[in-house]
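This report examines selected local features of a single model.

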Amino acid sequence: LLHPFFFQSSASAATPSVDMSILQLATPSPTARLLRSHLRLRMQQVETESHVPALPPRLARLAAVLKNAPDDRERLKRLVRIGDRLPRSSLALLAAEGTRVRGCTSVVDLLALTESHGALRLEGRADSRIARGLVALLVRGLRGAPAELVLATRADALAEALLSAAGLPRVLGARRQDGVGAMLLTIREQLETAAETGTKAHGGSVDSSSPPSSA
C-alpha cells in the first residue's frame, strides 16, 4: 500500500513530514520507487511555492516605512510623499526609446541601466501622484542594487514581495498592483537588452561598447 502522505492534497501538505527511510531502501519495490518519485516532486513543489524573494536593503527599508504607517490613509500619503521627491527626468530618460511601461493605468516611463561595476541605475517618471510614488519607490529602493538580483528574480514574484512588505494591497487596486509588476518587468527587459548590447551607464549619459556606425 502507498504511504498515507501520497493521498494528501496540496493544500494540506504545506510542509511535508515524511519518514525519510522510505526514500533510502536498498532495493526498493516498484511501489516504493513510485512513492519516492512523488515525494521528491511534492517537496520540490512546496519549496518553490514557499519561496519569497528577499528585497534589496534600501527597498526593504522604504517598504517598512509604508508598512509601519498607523493606517491606510497615512500609508497612501507616505507613498505620495515619496513620489514628490522623485528626481526630475534626465536627458537620457527623455531621449531613450522603449521606456514606456505597458500595463500601467498611468503613463509611466522607466530607464534601467547598469553601472560599470554591475550596480543598477534607474530613472523614471509618471503622470499621476500614486504612480509617481510607486516609480520613486523602485528608483530609490533599487538604486545601487546588483542588476543580477533583478535579472535572477521573476518580476511578478518581486512585485508581490514588495507590495506585501509595504502593506500596499490594502490601499491599491488590482490594476495598480499589476502595474508594479509591469514596471519591474520593463526594468528586467531593459537590463537584458543592455546586457546583450553591452550598453552601460557612463557619467550622466549612456555608453555602448559597440562600435559607432559609419556615416
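How many of the residues of β1 are buried? In β1, seven of its seven residues are buried, where buried means under 20% relative accessible area, exposed over 50%, and partly exposed in between (1.4 Å probe, protein chains only).

## Basis of the analysis

The model is predicted: local features need pLDDT of at least 70, side-chain atom pairs count only at pLDDT 80 or more, and totals for chains, interfaces and linings use all residues. Residues are numbered from 1 along each chain as its sequence is written, and side-chain values use heavy atoms, with hydrogens and water left out.

Helices (H or I, at least four residues) and strands (E, at least two) are DSSP runs, numbered from the N terminus. Burial of β1 extends to both of its faces. Val-108, Leu-110, Ala-112 and Thr-114 are buried on one side, and Asp-109, Leu-111 and Leu-113 on the other.

Strand β1 is antiparallel to β2 (residues 120-126), and seven bridges join the two; strands count as paired if DSSP finds at least two bridges between them.

## Gly-103 and its contacts

Gly-103 is located in the loop between α4 (91-95) and β1 (108-114). With a relative accessible area of 57%, Gly-103 is exposed. Leaving aside residues up to four places away in sequence, Gly-103 touches Gly-179 and Ala-182, a contact being heavy atoms within 4.5 Å. Gly-103 and Ala-182 are 79 residues apart along the chain, yet their C-alpha atoms are separated by 5.9 Å.

## Helix α3

The buried residues of α3 include Glu-74, Arg-75, Leu-79, Val-80, Ile-82 and Gly-83. Among the elements that cover the buried residues of α3 are α2 (57-67), α5 (129-142) and α7. At the start of α3, a side-chain oxygen of Asp-71 comes within 3.2 Å of the backbone nitrogen of Arg-73.

## Salt bridges

Side chains of opposite charge can pair when their charged atoms come close. A salt bridge is a side-chain nitrogen of Lys or Arg within 4 Å of a carboxyl oxygen of Asp or Glu; by this rule there are eleven salt bridges. One of them joins Arg-170 to Asp-72, with closest N and O atoms 2.9 Å apart. This pair links distant parts of the chain, 98 residues apart: Arg-170 is in the loop between α7 (155-166) and α8 (174-197), and Asp-72 is in helix α3 (residues 72-84). Arg-170 is exposed at 61% relative accessibility, whereas Asp-72 is partly exposed at 23%. Asp-72, Arg-75 and Arg-170 are linked in a network of salt bridges.

Arg-81 forms a salt bridge with Glu-74, the closest N and O atoms being 2.8 Å apart. Arg-81 is partly exposed at 37%, and Glu-74 is buried at 18%. In helix α8, Arg-188 and Glu-192 lie four residues apart, about one turn of the helix, and their side chains meet in a salt bridge of 3.3 Å, N to O. Glu-192 is partly exposed, with a relative accessible area of 32%.

Definitions and conventions:
Polar contact = N/O pair within 3.5 Å; in protein donor to acceptor, adjacent residues only side chain to side chain.
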